[in-house]
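Reader: I'm new to this one. Can you walk me through it?

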2 protein chains.
Amino acid sequence: MTTEKITEFWFDFASTYSYPAAMRSEDLAAKCHVRMVWRPFVLGVIFEKQGWYDSPFNIYPAKGNYMWRDLERLCAALAIPFRKPSRFPRNGLTAARIVCANEGAQWIAEFTRKVYTANFAQDRDIAKREVLCGCLQGLVDDPAAVFEAAHGKEAKARLRANTERAMALGIFGAPSFITAGELFWGHDRLETALAWQSAEQD
Amino acid sequence: MTTEKITEFWFDFASTYSYPAAMRSEDLAAKCHVRMVWRPFVLGVIFEKQGWYDSPFNIYPAKGNYMWRDLERLCAALAIPFRKPSRFPRNGLTAARIVCANEGAQWIAEFTRKVYTANFAQDRDIAKREVLCGCLQGLVDDPAAVFEAAHGKEAKARLRANTERAMALGIFGAPSFITAGELFWGHDRLETALAWQSAEQD
């Protein structure tokens with residue numbers, strides 16, 4: 001008997017290292033015969049609980065300077081287009097609510113990659129209606145309707161629930177991955193998370 | 001004409017992820033035909049400038065809990081012995097001063113591995129004379145003399161200078177690596193740092 005293997009991908013559209021992870025995760029998951037489940041959450045809420053009211057990359061300049069150079073090198077090595085956004089972090093709330101409101105839809109992976117590309121390769125404001133509708137174009141019949149629905153109570157409640165669940169899981173940064181109850185943090189752990197086997201399967 | 005390739009390994013004996021990096025770096029450097037230069041510094045001084053008066057792994061429990069589990073998994077995957085120290089962080093000042101006072105000595109790499117092993121595999125207090133003299137045993141003729149010399153002005157001044165240099169280089173965590181002027185942070189970047197070529201060599 002084979003059980004379907006699942007890895008949860010916990011991400012925030014503002015998160016820098018989530019960008020290369022989002023771009024690579026679906027292909028890598030397919031190779032590992034893992035189904036990737038997309039779980040957007042609001043990292044800022046978790047940061048605030050730690051006393052950070054901005055990205056730690058902005059609060060601690062040495063860390064921030066390093067991160068931008070590291071991300072540039074990383075994307076170059078992975079052949080992923082990268083342009084440092086003129087504003088960081090960007091507001092990814094509506095994009096995250098679109099994912100929450102359409103959980104399980106086939107187009108979520110492609111939409112997620114499009115939003116990350118808009119933020120980190122095209123320097124576009126992913127909070128804007130025209131940018132998000134552009135990302136939805138070709139994926140859904142009515143981009144404007146999907147955009148509007150993301151502002152409803154249901155979508156907002158789902159994103160809040162995701163963020164609470166992330167905290168309960170011990171998540172403190174993005175991207176994070178959960179496979180068989182094990183938490184992995186950072187783009188650098190994507191392959192390890194996908195390859196992880198639960199103790200029962202060993 | 002071949003120029004010798006050098007990677008600087010910036011570390012603090014209290015730093016958890018520096019442990020697997022220290023254990024693996026000499027072999028990996030040899031394979032890459034890189035000479036590893038050991039650069040101890042005091043990470044606590046840099047943390048204090050960021051407003052942290054303890055390890056961030058202690059200040060932020062979710063991050064700390066994750067780190068210990070991640071380190072355990074990492075060491076298991078790399079077949080490096082690991083036992084969570086009963087006290088963290090441990091005081092590595094004298095050990096660092098021993099390295100500073102004996103810069104360039106052949107036995108530094110082995111001494112460094114022994115101190116990390118004492119801290120992270122044997123749960124021993126690396127601030128203690130008997131532990132450090134034990135680590136020096138078999139490497140130097142007179143462990144007690146080397147231990148005493150590390151308390152001199154010269155050794156202390158060198159460690160302070162290293163820490164100031166680390167800050168000037170933009171170092172904010174350990175381990176960090178510098179190859180051809182490029183900064184790399186974290187055990188996860190050890191291989192990338194060793195493989196890095198300066199722009200001139202490309």
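Predicted model: local features only at pLDDT ≥ 70, side-chain atom pairs only at ≥ 80, totals over all residues.

Reader: Start with chain B. What is the order of the strands in its open sheet?

Author: The order is E2-E1-E3-E4, and the pairing is mixed. Helices (H or I, at least four residues) and strands (E, at least two) are DSSP runs, numbered from the N terminus. Two strands pair if DSSP finds at least two bridges between them.

Reader: Which strands stand at the edges in chain B?

Author: Strand E2 (34-40) and strand E4 (182-185) of chain B. Each has a single partner strand, so one side of each is left without a neighbour in the sheet.

Reader: By how many degrees are neighbouring strands of this sheet turned against each other?

Author: By 25 degrees on average, direction ignored. Axes here are lines fitted to C-alpha atoms, for helices over the stretch in contact, and angles run from 0 to 180 degrees between N-to-C directions.

Reader: What holds strands of a sheet together in general?

Author: Strands pair through backbone hydrogen bonds, either parallel or antiparallel.

Reader: And how do E1 and E3 of chain B run, parallel or antiparallel?

Author: Antiparallel. Strand E1 (residues 5-11) of chain B is joined to strand E3 (residues 176-179) of chain B by 4 bridges. B:Trp10 has B:Ser176 as its bridge partner in E3(B), and B:Glu8 has B:Ile178.

Reader: What about E3(B) and E4(B)?

Author: They pair in the antiparallel sense over 4 bridges. B:Phe177 has B:Phe184 as its bridge partner in E4(B). The two strands form a hairpin with 2 residues between them. In the turn, B:Ala180 has a positive phi of about 50 degrees.

Reader: Which strands does helix H1 of chain B lie across?

Author: Helix H1 (residues 18-31) of chain B lies across E1, E2 and E3 of chain B. It runs at about 155 degrees to E2(B). Contact means heavy atoms within 4.5 Å.

Reader: Over to chain A. What is the strand order there?

Author: Its open sheet of 4 strands has the order E2-E1-E3-E4, with mixed pairing. Strand E2 (34-40) and strand E4 (182-185) of chain A are the edge strands, each pairing on one side only. Strand E3 (residues 176-179) of chain A is joined to E4(A) by 4 bridges, and they run antiparallel. One such link sets A:Thr179 against its bridge partner A:Glu182 in E4(A).

Reader: Where is A:Thr163 found?

Author: In helix H9 (residues 153-168) of chain A. A:Thr163 is buried, at a relative accessible area of 4%. Leaving aside neighbours within four places in sequence, A:Thr163 is in contact with A:Phe41, A:Val42 and A:Val45.

Reader: New topic: rings. How many aromatic pairs are there over all chains?

Author: A search of the whole structure finds 46. Rings of Phe, Tyr and Trp (its six-membered ring) pair if their centres lie within 6.5 Å; planes under 30 degrees apart count as stacked, over 60 as edge-to-face and the rest as tilted. One is B:Phe172 with B:Trp185: tilted, 4.8 Å centre to centre, with 55 degrees between the planes.

Reader: What does that pair tie together?

Author: B:Phe172 lies in the loop between helix H9 (153-168) and E3 of chain B, and B:Trp185 in strand E4 of chain B, so the pair ties together parts that are 13 residues apart in sequence. B:Phe172 is buried at 4% relative accessibility, while B:Trp185 is partly exposed at 30%.

Reader: Which ring does the charged end of A:Arg73 sit over?

Author: That of B:Trp196, 5.8 Å from its centre. B:Arg73 lies over the face of A:Trp196, also at 5.8 Å from the ring centre. The rule: NZ of Lys or CZ of Arg is within 6 Å of the ring centre and within 35 degrees of the ring normal.

How values were computed:
Residues numbered from 1 in each chain as written. Chains lettered and ligands numbered in written order. Heavy atoms only, no water. Buried < 20%, exposed > 50% of the residue type's maximum accessible area, 1.4 Å probe, protein only.
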